[in-house]
Amino acid sequence: MTVHSKLQPSIDAWTHSIEAISELVSPLAEGEWNRPTECPGWSVRDIVSHVIGLECEAMGDPRPIHSLPRDLFHVTDEFSRYMEVQVDVRRCHTGPEMTAELEYTIIRRSRQLRNENRDPETTVRGLMGAERTLELSLRMRAFDVWVHEQDIRRALDRPGNLDSPGAALTRDFLLPQLPKVVAKKAAAPAGSTVVFDVHGPVEFMRTVRVDAEGTGTIDGSVSLGPTVTLAMDWETFVRLTCGRVRPAGVADRVKVEGDQELADAVLAALAVTP
């Protein structure tokens, strides 16, 4: 049996992004591994550690037995504590140790994915014991790795791959979450319409509509006289939806038309990742 057609796009996107990460970090001098990223408390080394750790967990490797320091300001809840273990356990590793482990992890995981013959609806164990389908699990890994590739690129000032397979997958992963952002988190009133006009390497225009019951839906049709229009470039959209920057930090890159109060509420609620 070959890999299912529903799984292959996620595997392709994951492969493209994780190999790009490997190419980015392989030539780094030791000090460059410590460059801060937009992920609170995490350096380039920490993001690579996170990627390695989660891929190892996906392959069924046991989690490290490790006690976290008490002074990590960005560790605020059970989820962040869970994520931090794979990161903190590698903070003493050198650059060559990091690249060697990353390369070995890519080899192992790629071999596993090439041989994947399970049905996409197979239930697998995910983070913190959560169960989800194999298809969703692989899509989430591809999304996570592409977003972290971009974190590393911004930290190193090495832009690229904003139009890669991982970028397209990320768009399709984020768009279905916008109705909840607008209708629930931002509490847009019934009858509101919010247009997201995103340009750049990945372009789209989507309208979120809030019905009389306060439920949000999203479609690609153009809304006449929307309550709010938010126009921004693709990278800014990703940074906002992935919680990498606050709206005030990119105010010059977001054009707002319409109800300013609702626009502010939507932008403040736009982060959809933990």
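Reader: Let's start with Ser192: is it buried or exposed?

Author: Buried means under 20% relative accessible area, exposed over 50%, and partly exposed in between, with a 1.4 Å probe and protein chains only. Ser192 has a relative accessible area of 3%, so it is buried. Bear in mind that this is a predicted model, where local features need pLDDT of at least 70 and side-chain atom pairs count only at pLDDT 80 or more, while totals for chains, interfaces and linings use all residues. Residues are numbered from 1 along each chain as its sequence is written, and side-chain values use heavy atoms, with hydrogens and water left out.

Reader: Where is the place of Ser192?

Author: Helices (H or I, at least four residues) and strands (E, at least two) are DSSP runs, numbered from the N terminus. Ser192 is in the loop between α7 (178-185) and β3 (193-199).

Reader: And what does the side chain of Ser192 reach?

Author: A polar contact is a pair of N or O atoms within 3.5 Å; within protein, one must be able to donate a hydrogen and the other to accept it, and residues adjacent in sequence count only if both atoms are side-chain atoms. Here the Ser192 side chain reaches the backbone oxygen of Pro189 at 2.6 Å. For plain contact, think heavy atoms within 4.5 Å. Beyond its neighbours within four places in sequence, Ser192 is in contact with Val208, Arg209, Val210, Thr227 and Leu262.

Reader: Which residues of the largest nonpolar core touch the most other members?

Author: In soluble globular proteins, nonpolar side chains tend to be buried together. A nonpolar core is a set of buried Ala, Val, Leu, Ile, Met, Phe, Trp, Tyr and Cys residues joined through side-chain atoms within 4.5 Å. The largest one here has 72 residues, and Phe196 and Trp234 touch the most other members. Helix α5 (residues 134-156) gives this core its largest share, ten residues. Leaving aside neighbours within four places in sequence, the contacts of Phe196 include Phe204, Leu230 and Phe237.

Reader: How many aromatic pairs does the structure hold?

Author: Rings of Phe, Tyr and Trp (its six-membered ring) pair if their centres lie within 6.5 Å; planes under 30 degrees apart count as stacked, over 60 as edge-to-face and the rest as tilted. The structure holds five such pairs. Take Phe204 and Trp234: their ring centres are 6.3 Å apart and the planes are at 80 degrees, so the pair is edge-to-face. It links distant parts of the chain, with Phe204 in strand β4 (residues 204-210) and Trp234 in helix α8, 30 residues apart. Phe204 also pairs edge-to-face with Phe237, at 5.3 Å centre to centre and 80 degrees between the planes. Since Phe237 lies in α8, that pair ties together parts 33 residues apart in sequence. Both Phe204 and Phe237 are buried, and Trp234 is buried too, at 0% relative accessible area. Ring pairs link Trp146, Phe204, Trp234 and Phe237 into a cluster.

Reader: Why is helix α3 called largely enclosed?

Author: Eight of the eleven residues of α3 (residues 78-88) are buried, so the rest of the structure largely encloses this helix. What covers its buried residues includes α2 (44-58).
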